[in-house]
Amino acid sequence: MALRLQPQTLRHLLMSGTRDLHDALDSAMGEMRGSEDYRHYLRGTYAFRAALEPALDDAGWQVERLLDNLRADLADLGEPVPTAAPAPALHDFAAKAAALYVLEGSALGARLIARRAAALGFDERHGARHLAQQTAAPTRWPAFLDWLEQSAAPPEPATAAARQVFQTALLAYGVEAGV
């Protein structure tokens, strides 16, 4: 009996095609051992999302808008609002789907970050509003993955765009693009 292999899903292609950049981003964000690490995370997250959120209005998936809560969190910590990172080119559907993949996937990491932020004294009322918002709907990621698989975004352009989006995130966190 021959073993039939399942075709790789777009999700798996995006994941494997960006693993190196995802790992570099995890390192750039830091371990959140103290308030300064958390401040660095907030500044980078704001700069990254400010570069992407406005460009995704017509992407076909409702973007989780975190910028207002990020501004409030920054204000709680006495931090100025950072400048948006240079936005990647998101001119076609594949690029927008890839950007959404990165943004929606960040909610998975936000669960861990929310626990670390809570240990530092930040919560949904002070300093971590955006994390409370981002982690409030655990069914959002599986629903997004269903949407992504049905979107028929072409894998190669989507993977290239996802790499550009991760590069934007790295720049937002202060890491040079030559990763």
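**Exercise 1.** How are helix 1 and helix 6 oriented to each other: roughly parallel, roughly antiparallel, roughly perpendicular or oblique?

*Solution.* Keep in mind as you work that this is a predicted model.

- Step 1: Find the two elements. Helix 1 covers residues 10–29 and helix 6 covers residues 140–151.
- Step 2: Look at the geometry. Their axes lie 9 Å apart, and the packing angle is about 100°.
- Step 3: Apply the cut-off. Angles of 65 to 115 degrees count as roughly perpendicular, so helix 1 and helix 6 are roughly perpendicular to each other.
- Step 4: See who meets whom. Helix 1 brings Leu 10, Arg 11 and Leu 14, while helix 6 brings Trp 141, Leu 145, Leu 148, Glu 149 and Ser 151.
- Step 5: Sort these residues by class. The contact holds five nonpolar, one polar and two charged residues.

**Exercise 2.** Now try another pair: how do helix 2 and helix 7 cross, and which residues meet?

*Solution.* 

- Step 1: Helix 2 spans residues 35–52 and helix 7 spans residues 155–172.
- Step 2: Their axes come within 8 Å of each other and cross at roughly 140°.
- Step 3: Roughly antiparallel needs an angle over 145 degrees, so helix 2 and helix 7 are classed as oblique.
- Step 4: The handedness of this crossing is right-handed.
- Step 5: On the helix 2 side you will find Gly 44, Ala 47, Phe 48, Ala 51 and Leu 52; their partners in helix 7 are Val 165, Thr 168, Ala 169 and Ala 172.
- Step 6: By class, that makes seven nonpolar residues, two polar ones and no charged ones.

**Exercise 3.** Is Glu 53 buried or exposed?

*Solution.* 

- Step 1: Locate Glu 53 in the loop between helix 2 and helix 3 (67–76).
- Step 2: Its relative accessible area is 2%. Buried means under 20%, so Glu 53 is buried.
- Step 3: Check its surroundings. Setting aside neighbours within four places in sequence, Glu 53 contacts Val 63, Glu 64, Arg 65, Leu 66 and Leu 67.

Methods: Residues are numbered from 1 along each chain as its sequence is written. This is a predicted model: local features need pLDDT of at least 70, side-chain atom pairs count only at pLDDT 80 or more; totals for chains, interfaces and linings use all residues. Side-chain values use heavy atoms; hydrogens and water are left out. Axes are lines fitted to C-alpha atoms, for helices over the stretch in contact, and angles run from 0 to 180 degrees between N-to-C directions. Helices (H or I, at least four residues) and strands (E, at least two) are DSSP runs, numbered from the N terminus. Angles under 35 degrees count as roughly parallel, over 145 as roughly antiparallel, 65 to 115 as roughly perpendicular and the rest as oblique. A crossing is left-handed if the near helix is turned anticlockwise from the far one by less than a right angle, and right-handed if clockwise. Contact means heavy atoms within 4.5 Å. Ala, Val, Leu, Ile, Met, Phe, Trp, Tyr, Cys and Pro count as nonpolar, Asp, Glu, Lys and Arg as charged, and the others, Gly among them, as polar. Buried means under 20% relative accessible area, exposed over 50%, partly exposed in between (1.4 Å probe, protein chains only).
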